[in-house]
Amino acid sequence: MVLIWVALMAAPAMATVVATQSGRVQGASADGVLAYKGLPYAAPPVGELRWRAPRAPEPWTGVRRADAYGPACMQTPGAAAREGAGDVGPLSEDCLSLNLWTPAADAGKRPVLVWIHGGGLVLGAGSQSAYDGAPLARRGVVVVTLNYRLGALGFFDHPAFDAGQTRGPVNFGLLDQIAALRWVRDNVAAFGGDPGNVTVLGESAGGMSVLALFASPQARGLFHQGIAQSAPGVPSATRERAREVSANIATAVGLDGARATAAQLRALPAQRLFGLQGQGLSLAPGFVIGDAALPQTILSAFEQRRQARVPLILGNNSDEATVAASFGVDPAKVVQRLGAARIFVKALYPGVSDPAQQGREAVRDLVFTAFARRIAMLHAPVAPTWRYYFSHVQTDLQPQPPGVAHGGEIVYALGTGEVCGCLPVPMSAADRAVSTAMSGYWLAFARNGVPAVAGVPAWPRDTAASPQVLEFAAAPVLRPRFMGARLGTMIVALKNIGRYLDRK
């Protein structure tokens, strides 16, 4: 009898059974949080459903175990772990699942945060340890992370899939995100969440996804606030470019390019579509313009005020150039192109004498800081907008890097720094204080649509007439007109240069 009692105490307590629209699920509880993992929000996109818009999952009978993450979507094996957010685990084309953490599966109507992972639209998963939803759920919200189709399975436009004269969808990964938000709308109340108060947030390609959801007519009404962390201002591909790349991929896997048939393409083993080497074989890291999910560029949607008119937070880190190569950006070429446009980097960065560092800072500001300012100016007239800049480097990290690398703010915003096992050194008391402050602003925004927190600096809205940035340094500090003249110059450069990135 004693042995039985000990075994029961050692086993994880099972969570409350919850009825979703597809069937009943049972997760697990730990440290005051209920976790439901690997919940299917769409049918497996395999066989005839490959390169189709996501469809509702098949219902099941009985109670489905939901205590383990589902497989990550297909990608180049091992690539995501090198990005610092944790390993993605097993890969599968059958990957359209989400994970949910909640304080209680009751009628609590708690704010819901839906995290969209980054990775250039070619790697990552909602199961990575940096995205663990438990820390924020312990503070009274429901957290959802999700997988979406990546790379050639997520963004593909081959002529074999045209229906007569009609060209179908191409942004399958974005359609997956929208399907996951519909699942949240229809099911989250059973998990103690409020479907009328959903915040979408993400970093890098996830932050760009947030802005794409703002721009997408198909995502209207599915969320009520957004947070775009380090969203890059990279050009999206045209459908013509997407068609060219898709034909190139078909050739690279041994088919007859643009003349390959739909049956041949759908019969390919999924892993054949990843790890391809050569020019013109990827659309990353941008979306494709011209289908129903994204009929126009993100920027043009904001310029024409066709975006979702809901509150928005956006910003970036102090050393974003760490990801320059991943975005196909050469800092030296950026400096050259700015010079060709009669914009001289040396004058913009008077305190920086090293040309390489000038290039890094120019990339940061051109691709991230100026883009955030530009989107903020366009959004502020239609909805409340706030902008931030993250510069806090781990205090015990030696040697101290020149700034915060791309993605370095994630664990602070999500409160996962002490549980993810993904930091180079453990968090100090100062690091924890920054995390508490940043995640506190995020939680207040999710609850009320305003990032107002007692005991920390007030965060004014960012507008064209009154630029306001909250810097997350050793402590949050308000920076009015932060980089004002420089960013104004950069925005002019972006307008004049147009497609300033090499998309080779």
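Lys 109 sits in the loop between strand S8 (97-102) and S9, where helices (H or I, at least four residues) and strands (E, at least two) are DSSP runs numbered from the N terminus. Its phi is positive, about 50°, although Lys 109 is not a glycine. Lys 109 is also exposed, with a relative accessible area of 56%; exposed means over 50%, buried under 20% and partly exposed in between (1.4 Å probe, protein chains only). This is a predicted model, so local features need pLDDT of at least 70 and side-chain atom pairs count only at pLDDT 80 or more, while totals for chains, interfaces and linings use all residues. Residues are numbered from 1 along each chain as its sequence is written, and side-chain values use heavy atoms, leaving out hydrogens and water.

Arg 305, in the loop between H8 and strand S13 (312-317), is not a glycine either, yet has a positive phi of about 55°. Arg 305 is partly exposed at 43% relative accessible area. Most residues other than glycine have a negative phi, and most peptide bonds are trans. A cis bond joins Ala 284 and Pro 285, with omega about 5°, and another runs from Gln 398 to Pro 399, with omega near -10°.

As for strand S11 (residues 193-203), 9 of its 11 residues are buried. S9 (residues 110-116) runs parallel to S11, joined by 6 bridges; strands pair if DSSP finds at least two bridges between them. S11 also pairs in parallel with S12 (residues 225-229) over 5 bridges. From S11 the chain passes through helix H5 (residues 205-215) to S12 in a right-handed β-α-β crossover, meaning a clockwise path from first strand over helix to second with the strands pointing away from the viewer.
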